[in-house]
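Subject: Structure handover

Hello,

Here is the structure for your files. My notes on what was found follow below it.

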Amino acid sequence: MHNTALYNSQLTNISDFLMDIKYVIVFYVLGDFLTTAHALNYGFEENDFLAIIMQNYGVGSLLVLKVLFLAIVYWNYRMLKESGSRWMDLLWVMSRKCIVLVGLFLVVNNLMVIFMECSLLQIIQTMPI
């Protein structure tokens, strides 16, 4: 009986986590992966680490890295939620929103490469300071 309750508790925890990070999954994981895979036809990966990984193991390795990142985020989520502190809840919300914003930035950058053949990073670098 105890194992069943523990299993149900863990399943509920993972389900809550997945609902909590739905926009992280949409933008940072799926959006960036799909647009990166397509944008590679129009340019190259600017992140040297990712370029080496994808050159050696293929574009699918990016998805594996993103799933590994989600595992780290889940560990972070568990630690913050188990602390029970109000500040930790705020820290979780802020970190989740930051990841979503990074994902949104990556998707927009990749879409610019696809449709404008120029990345947002290139535009920022050419702007006078």
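Does Cys98 count as buried, exposed or partly exposed? Cys98 has a relative accessibility of 44% and therefore counts as partly exposed, since that class lies between the limits of 20% and 50%. Please keep in mind that this is a predicted model.

Cys118 falls in the partly exposed class as well, because its relative accessible area is 25%.

Next, the helix pairs.

Helix α2 spans residues 22–39 and helix α4 spans residues 60–83. Their axes come within 9 Å and cross at roughly 165 degrees. An angle over 145 degrees counts as roughly antiparallel, so α2 is roughly antiparallel to α4. The crossing of these two helices is right-handed. On the α2 side, the contact is made by Val24, Ile25, Tyr28, Val29, Asp32, Phe33 and Thr36. On the α4 side, the residues are Gly60, Leu62, Leu63, Lys66, Phe69 and Leu70. Sorted by class, the contact of α2 with α4 has nine nonpolar residues, two polar ones and two charged ones.

Helix α4 also packs against helix α5, which covers residues 86–116. The axes of α4 and α5 come within 8 Å, and the crossing angle is roughly 160 degrees. This too is over 145 degrees, so α4 is roughly antiparallel to α5. The crossing of α4 and α5 is left-handed. From α4, the contact takes in Phe69, Val73, Asn76, Tyr77, Leu80, Lys81 and Ser83. From α5, it takes in Met88, Asp89, Leu91, Trp92, Ser95 and Ile99. The class count for the contact of α4 with α5 is eight nonpolar, three polar and two charged residues.

Phe69 of α4 is listed in both contacts: with α2 and with α5.

One more residue of α4 is worth a line. Ala71 is found in this helix. Its relative accessible area is 43%, so Ala71 is partly exposed. Ala71 and Ser119 are 48 residues apart along the chain, and their C-alpha atoms are separated by 29 Å.

In short, α4 is roughly antiparallel to α2 and roughly antiparallel to α5, with a right-handed crossing against α2 and a left-handed one against α5.

Regards

Definitions and conventions
Residues numbered from 1 in each chain as written. Predicted model: local features only at pLDDT ≥ 70, side-chain atom pairs only at ≥ 80, totals over all residues. Heavy atoms only, no water. Axes fitted to C-alpha atoms, helices over the stretch in contact; angles between N-to-C directions. Helix = DSSP H or I, 4+ residues; strand = E, 2+ residues; numbered from the N terminus. Parallel < 35°, antiparallel > 145°, perpendicular 65-115°, else oblique. Left-handed = near helix turned anticlockwise from the far one by under 90°. Contact = heavy atoms within 4.5 Å. Nonpolar A, V, L, I, M, F, W, Y, C, P; charged D, E, K, R; others polar. Buried < 20%, exposed > 50% of the residue type's maximum accessible area, 1.4 Å probe, protein only.
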